[in-house]
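Please read it with the sequence and the model side by side.

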Amino acid sequence: MKEVSFTQKLHIDGPLLFGIIVLSLIGYVVLYSASDQNPDLIIRRSIHLAAALSVMFIVAQVPPARLSGISLWFYLVSLGLLILVLFFGETGKGAQRWLGVGPFRFQPSELMKLALPMVIALYLSKELPPPSIGKVFMVLIFIIAPVLLVAKQPDLGTAMLIAVSGFAVLFIAGISWKLLAGFAVVAMSSAPVIWNLMHDYQQKRVLTFLNPEQDPLGSGYHIIQSKIAIGSGGLYGKGWLNGTQSHLEFLPERSTDFIFAVFCEEFGLLGVLILISIYLFIIARGLYISMEAQHVYGKLLSVGVVAGFFVYIAVNMGMVSGQLPVVGIPLPLISHGGTSMLTIMAGFGILMAVHTHRRLLSN
Amino acid sequence: MAKQPSKKVLDRNQNLVQTRIYWTAALILVITGAILLQVINLQVIRHDHFTTLSKNNHIKILPVVPSRGLIFSSDGVLLADNRPSFTLEIVPERVADVDSVIEQLGRIIAITPDDIQRFRDLKRRARRFEGVPLRLNLNDEEVALISVNRHQLPGIDVVASLNRYYPLADSLSHTVGYVGLIDEEEFENLNKSNYSGTSYVGKSGIEKAYEDLLHGYVGYQQVEVNAQGRKIREIYREPPGPSKDLYLTIDASLQILAVQALSGRRGSIVIMDTNTGAVLVSASSPGYNPNLFVDGIDRNIYADLLRSKDTPLLNRTLQGKYPPGSTIKPMLALGGLSRHVREPGSETWCPGWYSLRGSTHRYRDWKKEGHGHVDMVHAISQSCDVYFYVLARDMKIDLIHETLTDFGLGKRTGIDIGGEADGLIPSRQWKREALGQPWYPGETLIAGIGQGATLVTPIQLAVATAVIANRGRLVRPYLLSEVRDSATGQQVIRASTHEARRVIAANPGDWDVIIHSMREVMHGERGTARSSGAGTEYQFAGKTGTAQVITIAQDEEYDEDEIPEEFRDHALFIAFAPVEAPEIALAVIVENGGGGSRTAAPLARELLDHYFNRQKRLETG
């Protein structure tokens with residue numbers, strides 16, 4: 001038997017932790033610039049990071065077998081809280097997303113980002129893959145219930161994120177390509193229906209995305225300004241703290257959703273390549289952990305977590321660079337904001353748990 | 001585990017999952033590639049283009065707020081004006097510590113806790129680097145004080161803007177309504193681009209109903225800014241889509257006269273054009289001063305308005321519900337005629353009271369000694385209750401309900417500013433559903449004199465009166481007569497008068513009887529309102545009404561002087577004129593005013609005199 005290393009005893013995955021630390025450091029650098037060197041934000045970021053790392057560490061200690069045992073309850077509770085939000089939620093920026101418990105406020109939709117892959121992984125790991133058609137439809141119900149509730153809040157970005165991490169698990173579990181093609185057809189033909197169900201402001205965002213100049217005072221402005229910031233960055237960028245777009249207040253939401261534009265302006269294509277490499281490194285490590293996992297539950301769950309993480313990156317970058325509508329999703333570990341960071345780190349905790357409890361269990 | 005799958009099956013499944021992970025990785029790479037391509041497109045291929053844009057990007061886009069459309073009466077009196085006013089604004093992003101700046105300002109000019117609260121509310125939803133109002137309506141001295149201290153106060157601006165002002169104040173408050181600061185809920189529902197830079201929105205009345213026309217479309221200007229974001233010059237300006245000026249059907253001089261006639265008493269007067277439905281007067285008394293609401297009303301004043309037993313905030317014309325009393329007698333009589341329940345000439349004996357068969361309860365006539373033998377014309381002109389008890393008994397509640405509903409009573413008239421109350425015309429079905437009880441015959445008698453559960457609004461009464469004047473055709477009341485472009489003064493829309501609908505089919509002879517008996521009310525020897533009809537140069541048709549507020553017991557006498565004011569009868573009066581070619585219909589209600597003939601009819605006479613004298617002056621002069 002191989003000797004158990006120090007990190008393994010702590011249930012920490014070294015390469016993953018390395019990626020996270022490098023990313024967080026880049027996050028500090030960009031946030032410092034994006035916030036106009038506001039030390040306040042840096043302190044708050046540190047508190048968020050400390051809390052999120054602790055959560056990751058705690059989650060990593062939980063053996064996947066234990067995690068699978070609470071999956072169903074976790075899902076049901078999260079779903080219940082989403083329903084509560086519908087009735088008692090606090091409104092912020094036009095959407096009902098928050099639930100207040102005493103002095104704390106949290107978004108149940110964040111819990112669902114993990115609860116959904118967990119429950120699907122549990123459900124599909126009971127039998128050997130590929131899943132039967134009946135199971136696939138059951139999984140669809142698991143996915144659709146929370147997605148509708150979140151979309152109703154309305155929070156399209158998060159709804160999409162939850163849906164993708166659910167579908168990712170279904171995909172990994174080996175759903176047949178024919179069925180997948182069927183879903184694609186249904187999804188495309190239901191697009192007009194969804195369009196009609198959308199709120200005015202959501203429809204407007206899509207329209208604005210297609211033609212940003214149409215609304216120069218509203219969300220079109222964000223996209224126009226953000227493209228100017230990225231494009232003027234060029235190969236090597238304008239240099240740290242030198243982004244004119246960012247510092248002349250042309251760029252909205254620049255320390256949160258649009259921080260990628262600040263990054264692009266100041267660090268250029270070179271910086272983008274480095275940033276994407278680090279993201280890909282973390283994703284690759286996540287997928288490797290999934291492949292190495294010995295139990296189907298861990299395998300499926302890890303891919304769900306990795307897929308969720310990737311959707312954050314893809315949707316945020318796509319939105320900021322003008323390829324996707326503005327849906328308000330942060331760039332993981334770079335954007336300012338505590339809630340999503342907690343969820344992402346908890347996800348990494350799950351990946352670490354899947355990996356580090358593996359050999360101990362096989363013994 | 002019950003069944004252990006063979007190693008081969010296990011491997012095949014393991015491989016399936018493994019393959020799918022590779023697929024996932026491939027998909028992730030493809031999507032990442034697509035994002036990267038776009039970044040390369042922006043940063044390498046179109047780099048020069050964006051660099052140029054970025055260098056020129058000392059340009060900001062600011063909203064250009066359209067100035068709110070004005071509101072005029074039909075006789076050209078300005079009802080809602082825009083007045084220049086100065087606002088003190090703070091740009092929170094340019095201020096190190098907002099609280100200390102507010103404190104500093106508080107030493108220079110007066111800043112109330114309400115100002116600070118409103119500032120905090122507005123600040124939460126303000127765009128970045130947008131001025132947030134702290135003090136509104138600065139006077140000249142305050143503007144001067146701020147200007148002198150300006151160098152010590154970065155991030156502070158005094159902004160000139162236009163503020164809503166209602167010159168007529170209390171006289172037309174309910175109809176014109178008022179604007180106020182946009183609240184949280186309105187903010188979520190408004191088009192945010194179109195309202196960027198707008199602080200006020202219509203809250204009630206015309207201001208709310210025609211918000212879209214009054215507001216117009218926001219324009220924008222591209223301005224060059226310096227590194228601190230201060231405007232240096234304007235580069236391009238897309239002017240705002242001009243707002244619209246509204247011309248109402250309201251006749252301001254008549255309206256003011258009506259409000260004066262009510263002289264602060266609780267009540268309402270409606271005058272409408274019988275041919276078009278145009279509302280010339282919509283007086284609800286007492287009124288309130290809408291100017292108090294524009295910048296957020298003081299909490300204590302608002303509490304007083306809410307608590308006042310005169311309920312000044314209630315638009316009595318549309319929302320006040322009153323028993324119509326005897327004013328519905330002509331309408332019921334017409335229902336009896338057209339359905340052949342009564343002949344005009346057939347007489348009823350009135351001894352001063354009436355009892356249902358098998359009951360000892362006496363339904364009293366207002367005239368204790370009775371009217372003797374009365375036919376329909378006399379029953380209406382002298383307002384004989386016994387005649388109508390018997391008619392109601394014969395018509396039954398179903399036909400009463402149908403007739404009154406046909407006249408438009410007990411349902412919303414559809415006037416263009418909305419906010420109407422329904423009122424109620426009782427029926428068997430209503431009583432079963434609302435109270436779970438069957439209909440009793442005695443209630444039919446009470447309904448026959450417009451008492452009991454029957455409730456109507458003043459606007460409904462005016463509409464029903466116009467139906468009589470129009471011999472069965474109903475017109476929908478409206479307030480907006482004309483829309484003009486505020487920039488060019490060009491007429492954009494002329495309110496189309498809705499086609500009058502025939503709601504009641506009756507013989508011309510039947511209408512002649514009803515209209516003749518209403519003429520007799522005013523001009524007949526024994527008409528209940530003959531004192532108000534005496535000596536007119538025009539002929540008019542009317543009907544008085546007195547609605548009980550409390551029930552008088554069988555053995556009690558109603559003595560006005562002994563009853564507290566709020567329990568005295570409501571005085572009502574309806575009329576139209578001239579009889580031969582009706583132009584206007586009117587409804588007057590004075591709450592707890594006593595008798596309709598004594599209190600309400602003289603007010604109507606005063607207004608009709610004014611209307612026709614002015615018309616005559618215009619014709620001769």
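1. Chain A has 15 helices and three strands. Helices are DSSP runs of H or I with at least four residues, strands are runs of E with at least two, and both are numbered from the N terminus. This is a predicted model, in which local features need pLDDT of at least 70 and side-chain atom pairs count only at pLDDT 80 or more, while totals for chains, interfaces and linings use all residues. Residues are numbered from 1 along each chain as its sequence is written, and chains are lettered from A and ligands numbered from 1 in the order in which they are written.

2. Confidence in chain A. The average pLDDT (the predictor's confidence in each residue, from 0 to 100) is 85 for chain A, and 87% of the residues score at least 70. Where pLDDT is low, the predicted coordinates should not be read in detail.

3. Of the 363 residues of chain A, 51% count as buried. A residue is buried if 20 or more other C-beta atoms lie within 10 Å of its own, exposed if 12 or fewer, and partly exposed in between, with C-beta atoms placed from the backbone. Two residues are in contact if their C-beta atoms, placed from the backbone, lie within 7 Å. Of the contacts in chain A with a separation of 6 or more, 72% are between residues 24 or more positions apart.

4. Chain B in outline. Chain B comes to 22 helices and 23 strands. Of its 621 residues, 43% count as buried. Among its contacts between residues at least 6 apart in sequence, 72% join residues at least 24 apart.

5. The interface. On the two sides, 46 residues of chain A are in contact with 40 residues of chain B. Five helices of chain A each supply at least two residues of its side: H7 (156–172), H11 (219–233), H12 (244–247), H13 (259–292) and H14 (296–320). The largest share, 10 residues, comes from H13(A). By class, the side of chain A that touches chain B has 28 nonpolar, 14 polar and four charged residues. Here Ala, Val, Leu, Ile, Met, Phe, Trp, Tyr, Cys and Pro count as nonpolar, Asp, Glu, Lys and Arg as charged, and the others, Gly among them, as polar.

6. One residue to look at is A:Ile172, in helix H7 of chain A. A:Ile172 counts as buried because it has 32 C-beta neighbours inside 10 Å. Not counting residues up to four places away in sequence, A:Ile172 touches A:Leu300 and A:Val303 in its own chain, and B:Val17, B:Arg20, B:Ile21 and B:Thr24 in chain B. The C-alpha atoms of A:Ile172 and A:Gly304 are separated by 8.7 Å, although these residues are 132 apart along the chain.

7. Paired strands in chain B. Strand E23 (residues 584–590) of chain B pairs in the antiparallel sense with E11(B) over seven bridges, and strand E22 (residues 570–577) of chain B also pairs with E23(B) in the antiparallel sense over seven bridges. Two strands pair if DSSP finds at least two bridges between them. B:Gly267 stands opposite B:Val590, and B:Leu572 stands opposite B:Ile589. E22(B) and E23(B) form a hairpin with six residues between them. Strand E11 (residues 267–273) of chain B is joined to E12(B) by six bridges, also antiparallel. E11(B) and E12(B) form a hairpin with five residues between them, and B:Gly277 in the turn has a positive phi of about 95°.

8. Which residues of E23(B) are buried on each side? B:Ile584, B:Leu586, B:Val588 and B:Val590 are buried on one side, and B:Ala585, B:Ala587 and B:Ile589 on the other. Strand E12 (residues 279–285) of chain B is mostly covered too, with seven of its seven residues buried.

9. Nonpolar cores. A nonpolar core is a set of buried Ala, Val, Leu, Ile, Met, Phe, Trp, Tyr and Cys residues joined through C-beta atoms within 7 Å. The largest has 120 residues, of which B:Leu586, B:Val588 and B:Leu607 touch the most other members. Its largest share, 10 residues, comes from helix H16 (residues 385–406) of chain B. A second, separate core of 110 residues includes A:Leu124, A:Leu301, A:Val327 and B:Val39.
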